[in-house]
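Hello,

Here is the model I promised to pass on to you. Please have a look, and my notes follow below.

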Amino acid sequence: MLQLSSFRLSLIAALLAGSGFSYAQTTATATADAARNEIAQQAKQTESMLIAWRRDIHAHPELGNNEKRTAQLVADHLRSLGLEVRTGIARTGVVGVLKGALPGPTVALRADMDALPVKESADLPFASKAKGQYLGKEVDLMHACGHDTHTAILMATAKILASMRERLPGTVVFYFQPAEEGPGDFVPDGKNVWGAKMMVQEGAMKSPKPDAVFGLHSWAGLPAGRIAYRAGPTLASSDDLRIKIIGKQTHAGSPWNGIDPITVSAEALVGLQTVISRRTNISSTPSVVSIGTIKGGTRYNIIPEVVEMTGTIRSYDYDIRRKLHADVRQKVEKIAESGNARAEVTILEKYDPTINDPALTEKMVPTLRWAANNDVVQTPLVGGAEDFSFFAKEVPGMFVFLGVTPRSQDMATAAPNHNPGFFVDESALVTGVRTMASLASDYLHAGAGR
Ligand SMILES: [Zn+2]
Ligand SMILES: [Zn+2]
């Protein structure tokens, strides 16, 4: 019987080989398909638990670097699944390692756990009533960027993949990171680090080192359950711009006796507009320089000593970013010099551009299509930033968007991420689990036996 079936198998293999397929490939595809079926079934079964986790986390939001309750919930859950768990990474981060029984590559999946200082406006039974300390002040807290959904989705993904451990060809590493939105307990000064960057610095990606990393973000204005992706640059780099124009205080009735930082800052502000429009190559990706605040002066008849401006510099390319920093600096310093004033320009690099590895993205698009039942679109560049970029700088990465706006709603009117009215249609969560679990599973199956 055994001999006969091996004979029949070799016959099939020979036939398939003749038609351009190898037996090994066919078997690998069949195993990967079986894994997808198992993921689909379990994702559905886990749905009520997934929603309960999400609501619990949503009702208990915590700011960056203070995700203690959330991290505990995650760590307890991962331990209960039998994973190797490391806690206290980058202050409150958690890393879980799931070793499959079969040899294969290593893939990492990432979720962020932090909330925002926003007061929730929705009247939901699990709406947040939490308060917290943001830079020493009491504030209302809300998961206004959907990081509650990311955490719950990855918890469910870990549960499903852990149950498939015996058939898993490789290792899955789970990163539950703190402070994606920035630290809630200190002001960045260019030296201190947090979140994903700090996790990388603390060696979270060293043992085991993943071959690829995947992340997902809930997105308002995209229909619930739709996946949006793009290859290459996807989210911007985000750098803080701080400008101080120093003049010489005097009576506004006799300006010639001083140096006016108000007019110099106005010239600098206009001059900055030409950094992008006249000096930056925008033929492949755009860039942005925006000033968000101007502060100077105390009284109508006093020319002040100092004007301070803050803003942001965004780009999608490391070389352009470097040039922008130099151009912004030169423009402001020279304009100040021409007005006899002095400029201090400080640029703090906060987030790198998020760049999806083109080859990895191309390879995983069929997985996205399966996970979202073919409802997959390409997204334009996103002007926001993500510290997933620091993981994707170490190894090939792909970061995708999951639509969470109810399909019955006009997408144009959906409250965006970070808005007090940000709302998640929970039917999208299962798609999120299918996405994360199948990205890991398909990646491992494709790499197994190489
Ligand atoms: Zn956000
Ligand atoms: Zn976010």
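The centres of domain 1 and domain 2, taken over C-alpha atoms, are 37 Å apart. Domain 1 covers 23–234 + 353–447 and domain 2 covers 237–351, with bounds from an automatic or database domain assignment.

Before the rest, some housekeeping. This is a predicted model, in which local features need pLDDT of at least 70 and side-chain atom pairs count only at pLDDT 80 or more, while totals for chains, interfaces and linings use all residues. Residues are numbered from 1 along each chain as its sequence is written, and chains are lettered from A and ligands numbered from 1 in the order in which they are written.

Where the domains meet, ten residues of domain 1 contact eleven of domain 2 (C-beta atoms, placed from the backbone, within 7 Å).

Now the strands (DSSP runs of E, at least two residues, numbered from the N terminus; two of them pair if DSSP finds at least two bridges between them). Strand S10 (residues 237–246) runs antiparallel to strand S14 (residues 306–315), joined by ten bridges; leucine 241 has glycine 311 of S14 as its bridge partner. S10 also pairs with strand S15 (residues 342–351), antiparallel over nine bridges, and there isoleucine 246 stands opposite arginine 342.

There is also an open sheet of eight strands with mixed pairing, in the order S1-S2-S6-S3-S7-S18-S8-S17. Its edges are strand S1 (84–89) and strand S17 (376–378), each pairing on one side only. Within this sheet, S2 (residues 93–99) and S6 (residues 169–177) are antiparallel and share six bridges, with valine 97 partnered by valine 173 of S6.

Best wishes

How values were computed: Two residues are in contact if their C-beta atoms, placed from the backbone, lie within 7 Å. Helices (H or I, at least four residues) and strands (E, at least two) are DSSP runs, numbered from the N terminus.
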